[in-house]
There are 2 protein chains.
Amino acid sequence: MTMQDDARMPESAPRDSAARNARESAQEPARKIGWHKGYLSGSRPDVRVPVRRVHLTNGRDVTLYDTSGPYTDPAVGTDVRRGLAPVREGWIVGRADTEEYAGRPVRPEDDGIKHTSPRGGLRNLDAVFPGRPRLPRRARAGQAVTQLAYARRGEITPEMEFVALRENVPPQVVAEEIAAGRAVLPANVNHPETEPMIIGKRFLVKVNANIGNSAVTSSIEEEVEKMTWATRWGADTVMDLSTGRNIHTTREWVLRNSPVPIGTVPLYQALEKVDGKAEELTWEVYRDTVVEQCEQGVDYMTVHAGVLLRHVPLTARRKTGIVSRGGSIMAAWCLAHHKESFLYTHFEELCEILRAYDVTYSLGDGLRPGSIADANDEAQLAELRTLGELNRIAKAHDVQTMIEGPGHVPMHRIKENIDLQQEICDEAPFYTLGPLTTDIAPAYDHITSGIGAAMIAWWGTAMLCYVTPKEHLGLPDRDDVKTGVITYKIAAHAADLAKGHPGAQEWDDALSDARFEFRWEDQFNLALDPDTARSFHDETLPAEPAKTAHFCSMCGPKFCSMKISRSITEQFAPDLAATADDEEIEAGMLRKSKEFAASGNRIYLPLAD
Amino acid sequence: MTMQDDARMPESAPRDSAARNARESAQEPARKIGWHKGYLSGSRPDVRVPVRRVHLTNGRDVTLYDTSGPYTDPAVGTDVRRGLAPVREGWIVGRADTEEYAGRPVRPEDDGIKHTSPRGGLRNLDAVFPGRPRLPRRARAGQAVTQLAYARRGEITPEMEFVALRENVPPQVVAEEIAAGRAVLPANVNHPETEPMIIGKRFLVKVNANIGNSAVTSSIEEEVEKMTWATRWGADTVMDLSTGRNIHTTREWVLRNSPVPIGTVPLYQALEKVDGKAEELTWEVYRDTVVEQCEQGVDYMTVHAGVLLRHVPLTARRKTGIVSRGGSIMAAWCLAHHKESFLYTHFEELCEILRAYDVTYSLGDGLRPGSIADANDEAQLAELRTLGELNRIAKAHDVQTMIEGPGHVPMHRIKENIDLQQEICDEAPFYTLGPLTTDIAPAYDHITSGIGAAMIAWWGTAMLCYVTPKEHLGLPDRDDVKTGVITYKIAAHAADLAKGHPGAQEWDDALSDARFEFRWEDQFNLALDPDTARSFHDETLPAEPAKTAHFCSMCGPKFCSMKISRSITEQFAPDLAATADDEEIEAGMLRKSKEFAASGNRIYLPLAD
């Protein structure tokens, strides 16, 4: 692993609105603080793995995982109207197992526009995103183009090499975990802009952030900005859950500008196409929507195929019934037709579609509990058993698969939950929403769920879907997205530590060293959120010298435990490094305490020291 | 248990500045929303246990634990200059085992005023708090006046009856847990204003909030206001960690106005009296400070008597040395004198002082880890073994005792930590600071530690010391105090649920019922923080009718899973309540789905419905 073209943060003005997020929180402070974007090189020049390199004032560097994409690299020009460079294109084309084709025509109703609308009429992809004309791509006849298929054949793709460098593990481990179905590498052949990442319990715990306009508010630009903002703070994937107007166009703009895999719930758009009437949904409308999204480049799709007709009555006695939107739509469809779910009866056909684009399944938990009272109940477990069955079918079709999980679960039932999922679903990656560990704190559900998320990730959940402070109450704004992502990065990292992930503790150690040595700037630069850490410090002690002073505002200048403690370390550490012998320790102490007295008992050294 | 004089919230103007907190968040919204202060009655008229009674729009009441004191009761006049009514005075006097005495004279240096100061000269307690002249009280000769002593004799004190009502357990359980040393009821005979509460693993998990001016900022009034603010949001005890000027007077005002037990670290004030020079501390200065605080009414005191001379070198190789202020002061003293800690050598004498006032020990963990790297290390465990020894000595003197715990601990080492504490300290109540589960998120350490706090409380910690977002960075302001308390109430309640505390889930169930039934106002009123929940909701849908509308902003009017789900419940629940028989279910479904079709497949009922 070598370092390559590490570029300093620029002084230049921002280029466009999508880059604004990166600029505000990365480039501006970067002039003052010591970090910049770097890259790890692989076996070929186009395998360049982004990292965040923090330069400490003691001359050391700390290298951190980086999800922020080219937006934080001043050497790369970005323009939301043209999209990101298709970094994977060469790999995809090079495999020669896919081909371009004309693609499904884009229709006005894809954007929620009624047939009778004066704005109606056919449009093509170029019109939706004029910045980079392209044709969709899919597997050539007879070809399996999924990372699962490659891994099963023993191939190490550039994508696998990329994530191996990113995770600091051998590429063989990546291939093995994917081949075993214990990890997924979501990477649609039509989303060449994505920087490969992996989701599996052997790897760093990942975080998903949801965005999406709704019937009530928000615009395309806002959603693109939320995506870049979320990845700036560490989101590993983003789900676009838009349900209102411009759903196709919003998704196209998000995809063309996203350095992380994008997930969706195609059912939401399908429902829009039938005017929100669940009973009018058909397999044909749904299939067409899935193809539409596969061609756009969606990397993984939530499919609520585990909600069966016979499961619905199991929810009737629940405290909060069905809280999943997808689950309730399918339940309503099943009831209306008194038939088995079309997602279930057409599941193999769906597998063949996803296989042609390497779209990963996220098998949705439509019957997840929506309250503490409903946790781990029979409705949930019945669906989980169905998901276990579908997981095996998907794998038989070479389709990468993860399993979604709850929801609301009290702490003492969380382990049972993931243990059952791992057993029933052959260790397929678990992807959970929290879980929330209590229902009593609306407006703080990032915290009620952050607790559960940390625990379930420690016990093996591979990816955590964030929850924002607005959960249950309203739509998250920019601040809520950031709070949700930071909270979930904490949960994920706490789990990485508890799992003993190699290298995870280096980050904590570097920050604690900085704290102990009063290197305030290094503390800020290493913090998950340098901006807020710095501003909190400055509220109490705004003057610049305070950031290098050997005290802090909690104790004041003459009274600081870290300071005293450091002087103890300075006295004892040199002597005691090599010995655990009690007598030597005592002798050392006697000698040192005489030195202490001789120095005039000065515990608090002068600040200049 | 009966209800007594439940009084509606008033329309009247506020009385004084301390009541302002209560007014802002309790009384003002109370006019709109449905909750008020109530009381549970005991066996005698002066046992009146405060509760928060939430009136739901469906006619039901939910009764919640209430720590906010008389400030939220419009029937009680409060005035910070006069202090709260001494509700326990009758019980204390009635026991006839204590007596008033002249007390230690208050000296200028008690408030950090130098002998040479022009403001110098003797003052008495009346001058410090003129509103309610009083003499201090202590045990008569030969009397043991601690709740532990009473419990051991099989007496159920009014304090025990009070907490039994508050916790909804039999009084015998309270007495047994106290007698066994598994719980403490901190209640200095000189703090008759306190509403009794209990700390022990058989009871609801408690939360402590720290306040305190420092050398750098803040005033007496601010600290009193922080105390009322913290208890308003649910703090069960408050520690006054002031270190600067006016330390005695601040504490007096806080005590006279506090409905919850107050804790301190007497060492901080003792150090002020020797001008911050740890080596000049003496047992005499310390003892005098402890007596001073006992007479004022401090309910529990952190004593770092477990930091022994031989432990200090064990910290030398640590990543972050000694991070406890008390621990580092004692370590410095031990080094300076090369003697054993005076807190350890005079521990039995200290027990006799605390016993005379019923002050509870909080045996401090001066060597707690300050980073993930230092968790559960030999320095910490060596101190813990000493605390186990001291716990037995304290109990032999009838002194109630709890044990403080870390700190920074990764998730996989938390259980080990509390299991060791419970074993070594004979199940004495554990009182932990978090623990923080990672070091990488300064500015979010309420969250890094809230995760660890929930887990360690599930596993038996009796009280959690909150951590605010400003931890490691600066002094918490009003918003930080609230955020810290709410975060820790979440952790405590999540643990109550996981422990299966009787009645804990009723709160969650009531809120989830309200959510499922679209009773927005009930959701807000039941929320841990009604104000923020309401304001988040109003950001997206501010109009008043939206609070009763059968949809919310996440899904929009025509698309809401709760809505669909509720209609499923309405269809199936009446039929399926009494049966788990598959055939009956199928038959019911067929019938119901025909009805569904006959109704025109209307899944989304009109909003007026």
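A:His408 lies in the loop of chain A between strand 14 (401-405) and helix 15 (414-424). Helices (H or I, at least four residues) and strands (E, at least two) are DSSP runs, numbered from the N terminus. The model is predicted: local features need pLDDT of at least 70, side-chain atom pairs count only at pLDDT 80 or more, and totals for chains, interfaces and linings use all residues. Residues are numbered from 1 along each chain as its sequence is written, chains are lettered from A and ligands numbered from 1 in the order in which they are written, and side-chain values use heavy atoms, with hydrogens and water left out.

A:His408 counts as buried, at 5% relative accessibility. Buried means under 20% relative accessible area, exposed over 50%, and partly exposed in between (1.4 Å probe, protein chains only). The contacts of A:His408 include A:Pro369, A:Ser371, A:Asp439, A:His472 and B:Arg515, not counting residues up to four places away in sequence. Contact means heavy atoms within 4.5 Å. UniProt lists A:His408 and A:His472 under "binding site" (unreviewed entry). They are spread over 65 residues of sequence but cluster in space, with a largest C-alpha distance of 12.4 Å. UniProt positions follow the numbering used here, feature names are shortened, and annotations may be inferred rather than shown by experiment.

A:Ser258 is buried, with a relative accessible area of 0%. A:Ser258 touches A:Leu84, A:His191, A:Glu193, A:Thr194 and A:Met227, not counting residues up to four places away in sequence.

Chain A holds 22 helices and 16 strands. Of its 609 residues, 69% are buried. Among chain A contacts with a separation of 6 or more, 74% join residues 24 or more positions apart. In helix 5 (residues 158-167) of chain A, 10 of 10 residues are buried. UniProt places "domain: ThiC-associated" (unreviewed entry) at residues 36-99 of chain A. That span is 11% helix and 33% strand, and its end C-alpha atoms lie 38 Å apart.

Over all chains, the structure holds 20 aromatic pairs. Rings of Phe, Tyr and Trp (its six-membered ring) pair if their centres lie within 6.5 Å; planes under 30 degrees apart count as stacked, over 60 as edge-to-face and the rest as tilted. A:Tyr300 and A:Tyr431 form an edge-to-face pair, because their ring centres are 6.1 Å apart and their planes at 85°. This pair links distant parts of the chain: A:Tyr300 is in strand 12 (residues 300-303) of chain A and A:Tyr431 in strand 15 (residues 430-433) of chain A, 131 residues apart. Both A:Tyr300 and A:Tyr431 are buried. The rings of A:Trp458 and A:Trp459 have centres 5.2 Å apart and planes at 25°, so that pair is stacked. A:Trp458 and A:Trp459 are both buried. Ring pairs also link A:Trp283, A:Tyr286, A:Trp333 and A:Phe342 into a cluster.

The largest nonpolar core has 308 residues, of which A:Tyr286, A:Tyr361, A:Met411, B:Tyr286, B:Tyr361 and B:Met411 touch the most other members. A nonpolar core is a set of buried Ala, Val, Leu, Ile, Met, Phe, Trp, Tyr and Cys residues joined through side-chain atoms within 4.5 Å.
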